[in-house]
Amino acid sequence: MPAIESARALLKNAKNIAVLTGAGISAESGIPTFRGASGLWKQFRPEELATPEAFARDPQTVWEWYHWRRKLIAGAKPNAGHLALARLEQGIPEFTLVTQNVDGLHQAAGSKAVLELHGSIWTVRCTQCPHEWMDRGTAEGRQLLYCRCGALARPGVVWFGEVLPPDIWREAEEAVKSCDLLLVIGTSAVVYPAAGLVPLARSSGARVMEINIERSPIANIIDLQLTGQAGHLLPELVEE
Ligand code: BJW
Ligand code: ZN
């Protein structure tokens, strides 16, 4: 049976689906991934931009990078892959979409049950007080954002060395532990704890299907691999 037929069969029998997405699903919306040939980390060093230490040292450079990405994302639209996942949610009794992405494109596509493990590029939070707010502005250059209390604000995302939002992480663990099928889409599966959701699903008895343009480190623990672009494969998979 061709892989796509086997994949459709897996999907058809599933009553509780969890999905884990990464930057690859937004690549076809024109948003660069982190790793790989045209990934952001080829151009920028993660430890100089995506750590609390980097922000403490040079908040202007970090904000400049986020302003640039916010502008890029503001001009992007959900692609056929995001839209197919939103359609899939409507036909499945229990469905949870866990994303590592901060771009908000799943919600823009109409997905409802979305857990953002690494926060959102559209939220901003204070470095001194608990205040957190939405900010859809696209400031330019090295402009810093400030809280109403006067202190410096930072992007509402999760950097290396920071803990994930505990409630969201707990919900994500519950979702993969209770699902009968986990779809892993467009992630290099090297960043933890997110990548650990895949073996967790496996050890809880779920089948695991992966969609990626290349082989990832989880290839040896998955049941089915669909090789290709999420924006092409997901509509093919979900249409049936
Ligand atoms: C397509 C496609 C198409 C392309 N169709 N596919 C063990 C060893 C060493 C370190 C650690 C360890 N365990 C944990 C750590 C620390 C660290 C970590 O995991 N490091 C690893 C790199 C080794 N983790 C953390 O620090 C995390 N926190 C934590 O562990 O807390 C506990 C703790 C606290 C304190 C002390 C100790 C422990 C936090 C991780 C936060 C990650 N943050 C970032 C930035 C978010 C904000 C922002 O966006 O600016 O999150 S990093 C970046 O990577 C971003 C992503 O969400 C994340 C994952 O990347 P993703 O989505 O997989 O993208 P890519 O680019 O890697 O892959 C794209 C894939 O798509 C590729 O496979 C392509 O082939 C594919 N693709 N086009 C389908 N069209
Ligand atoms: Zn404040």
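Asn16 touches Ile92, Glu94, Ser178, Cys179, Asp180 and Leu181, leaving aside residues up to four places away in sequence; contact here means heavy atoms within 4.5 Å. This is a predicted model, in which local features need pLDDT of at least 70, side-chain atom pairs count only at pLDDT 80 or more, and totals for chains, interfaces and linings use all residues. Side-chain values use heavy atoms, with hydrogens and water left out, residues are numbered from 1 along each chain as its sequence is written, and chains are lettered from A and ligands numbered from 1 in the order in which they are written. Asn16 belongs to strand β1, residues 16-21. Helices (H or I, at least four residues) and strands (E, at least two) are DSSP runs, numbered from the N terminus. With a relative accessible area of 10%, Asn16 is buried. Buried means under 20% relative accessible area, exposed over 50%, and partly exposed in between, with a 1.4 Å probe and protein chains only.

The chain is assigned two domains: domain 1 (1-30 + 78-118 + 164-240) and domain 2 (32-75 + 119-157). These bounds come from an automatic or database domain assignment. Taken over C-alpha atoms, the centres of domain 1 and domain 2 are separated by 26 Å. Between them, 13 residues of domain 1 are in contact with 13 residues of domain 2.

Ligand 1 has residues of both domains around it: domain 1 and domain 2 each give at least three residues to its shell. The shell has 35 residues, of which Arg35, Tyr66, Arg69, Thr187 and Ser188 come nearest; a residue is near a molecule or strand if one of its heavy atoms lies within 4 Å of it. By class, 18 of the shell residues are nonpolar, twelve polar and five charged. In this scheme Ala, Val, Leu, Ile, Met, Phe, Trp, Tyr, Cys and Pro count as nonpolar, Asp, Glu, Lys and Arg as charged, and the others, Gly among them, as polar.

A polar side-chain atom of Thr187 is 2.6 Å from an oxygen atom of ligand 1. An N or O atom in the side chain of Glu28 lies 2.8 Å from a nitrogen atom of the ligand. A polar backbone atom of Gly186 lies 3.1 Å from an oxygen atom of ligand 1. On its own, ligand 1 has 1,500 Å² of accessible area, and the protein covers 75% of it; such areas come from the Shrake-Rupley method with a 1.4 Å probe, and for residues only the protein chains shown count as cover. Elements giving two or more residues to the shell are α2 (24-27) and α6 (59-74). The largest share, three residues, comes from α6.

Gly186 is placed in the loop between β7 (181-185) and α10 (197-203). Gly186 counts as buried because its relative accessibility is 16%. Leaving aside residues up to four places away in sequence, Gly186 touches Gly22, Ala23, Gly24, Ile25, Ile211 and Asn212. Glu210 is 24 residues from Gly186 in sequence, and their C-alpha atoms are 8.2 Å apart.

The loop between β7 and α10 also holds Ala189 and Pro193. Most residues other than glycine have a negative phi, and most peptide bonds are trans. Ala189, not a glycine, has a positive phi of about 55°, and is buried at a relative accessible area of 7%. The peptide bond from Tyr192 to Pro193 is cis, with omega near 5°.

Conventions: Polar contact = N/O pair within 3.5 Å; in protein donor to acceptor, adjacent residues only side chain to side chain.
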